[in-house]
Amino acid sequence: MLCRQLLLDLYAPLRGIEDRTIELYGFTLDAFSASLGHECSVDDFDELLVARFLSARKRTHAAATVAKDRSQLRALWEFAARRGLCPTFPTIALVKIPERIPEAWLTEDMVAILASCEKEQTTIADIPARLWWRAIVLLAYETGERITPILSLPWSNVVGCTVMFRAESRKNKTRDIRRGVSVACGDALWAIKQGRSGDQLVFPWDRGRTYIWGRLGIILERAGMPHNRYCKFHRIRKTTASYFEAGGGNAQRLLDHADPATTRKYLDPRIVKTPQACDLLPSVFSHYQEVVGTACLNSPPPPSTGGYGGDQASELPAAAKATASR
C-alpha cells in the first residue's frame, strides 16, 4: 500500500485530522518519496531508510522541520504496524530541537509596522488595503489570537468592542473565547465593514491562501523589520503574551495554553523581566574592596579587553600586591 493511500483512506478518516494537517503530512511524504526515488509505500518503513532520509534532511532543513517529518512518518508507520500492514514497529532516533529565546515585537516595532501598513496602496476584496492591514494587526495584537481564527471571524461575532472567536475555527476546537478590544481597534474594524452582513467575514482575502504571509513580509521589510518565517503573525502573538504577562496578567490563560511550559516559549525576556544572578548574589567586588582597603577605590578601571595585560603584578594597586604576596 502506498503511504499516501494509507494517509487519505485510513489514517486521516480514523484519526479525524484536518485538511491542513493532511497537507503537512503530504509534504513529508513528498520529501521521503524524493529521497527514495519512487512513491513511498509501507514497504519503505525501514529503520535504515528512514534514518538516512532524516539525516539528509538535517543538512538542508531546520531541526523543527526534521522533527515534524520524523513525527509524521512515525505516526503513519505505527498506524500501519498496528493493523498488520508492515512487519515492524518504528524505532527512530529523536531529533533535538534547540530551544531559542522568544522574540516579540517591542512597542516601537509595532508602531513602525502600523505605519508601514498605512502605505499599502491596493485593495483587498474592495477594501482599502491600508485599512484592512491596520485592522488585522491591531486585532491580532489586542487579542493574542492566532491568524486562522482571525481570518475566519464573521461580523456576527463582533459586537461593539467585543470579539468572539468560535471553537470551530480555533486550534484543537476546544472552546469559544471572548476578547475585549480598545476603542481604537473597534474603530479600525468598523472602518472596513462597508455594509457587509453578519455572516460575511471581517477579513475577506481574495489572494492565494499563503500570500497573506508574503504580503506581511513586504510590510515588515518596508518598516525595516526582520521578515523571515519567524517574524509573522505568531510574533505578534508573542508580543501580546509578553506585555500581558509583564503587566500582571496571566499569559497562559490569555493564549489558552494547557501547559505553562508552552507559554514560557512565548515570553520575551526583554519585556518579561526576571532577576539576574548579578542582581541577587552578594557583591564579591564589594567584599574585595573591604579586604584590600580604600586604595582600590581610586585605582583606574581595567582595560576594555579585560584583565591587566603585560606584567600583571606591576599593574595591580599597591594594597592588592601586598595581599597577593602573602
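This is a predicted model: local features need pLDDT of at least 70, side-chain atom pairs count only at pLDDT 80 or more; totals for chains, interfaces and linings use all residues.
Me: What makes Arg235 a charge over the ring of Trp105?
Reply: The charged end of Arg235 is 3.9 Å from the centre of the Trp105 ring. The limit is 6 Å, so the distance passes. Arg235 is said to sit over that ring.

Me: How do you know that Arg207 lies over the face of Trp205?
Reply: Arg207 is at 5.9 Å from the ring centre of Trp205. The cut-off is within 6 Å, so this distance passes as well.

Me: Why is the pair of Tyr11 and Phe79 called edge-to-face?
Reply: The structure holds 12 aromatic pairs. In the pair of Tyr11 and Phe79, the planes stand at 85° and the centres at 5.2 Å.

Me: Why is the pair of Phe45 and Trp77 called stacked?
Reply: The angle between the planes is 10°, with 5.6 Å centre to centre. Phe45 lies in the loop between α2 (19-36) and α3 (47-58), and Trp77 in helix α4, 32 residues apart. Both Phe45 and Trp77 are buried.

Me: Which residues touch the most other members of the largest nonpolar core?
Reply: Trp133, Leu139, Leu189 and Phe203, out of 39 residues. Among the elements giving two or more residues are α5 (107-117), β4 (162-165) and α10 (233-246). α6 gives the most, with 10 residues.

Me: What is Phe203 in contact with, leaving aside its neighbours within four places in sequence?
Reply: Its partners include Trp132, Ile136, Leu139 and Leu189. Phe203 also belongs to one aromatic cluster with Trp132, Trp133, Trp205, Tyr211 and Phe233.

Me: What makes β4 and β5 paired strands?
Reply: 4 bridges join β4 to β5. Pairing takes at least two, so the strands pair. They run antiparallel. Thr162 stands opposite Gly180 in β5.

Me: Which residues of β5 are on the covered face?
Reply: Ile177 and Arg179. Arg178 and Gly180 are on the uncovered one.

Key:
Residues are numbered from 1 along each chain as its sequence is written. Side-chain values use heavy atoms; hydrogens and water are left out. A nonpolar core is a set of buried Ala, Val, Leu, Ile, Met, Phe, Trp, Tyr and Cys residues joined through side-chain atoms within 4.5 Å. Buried means under 20% relative accessible area, exposed over 50%, partly exposed in between (1.4 Å probe, protein chains only). Contact means heavy atoms within 4.5 Å. Rings of Phe, Tyr and Trp (its six-membered ring) pair if their centres lie within 6.5 Å; planes under 30 degrees apart count as stacked, over 60 as edge-to-face and the rest as tilted. A charge sits over a ring if NZ of Lys or CZ of Arg is within 6 Å of the ring centre and within 35 degrees of the ring normal.
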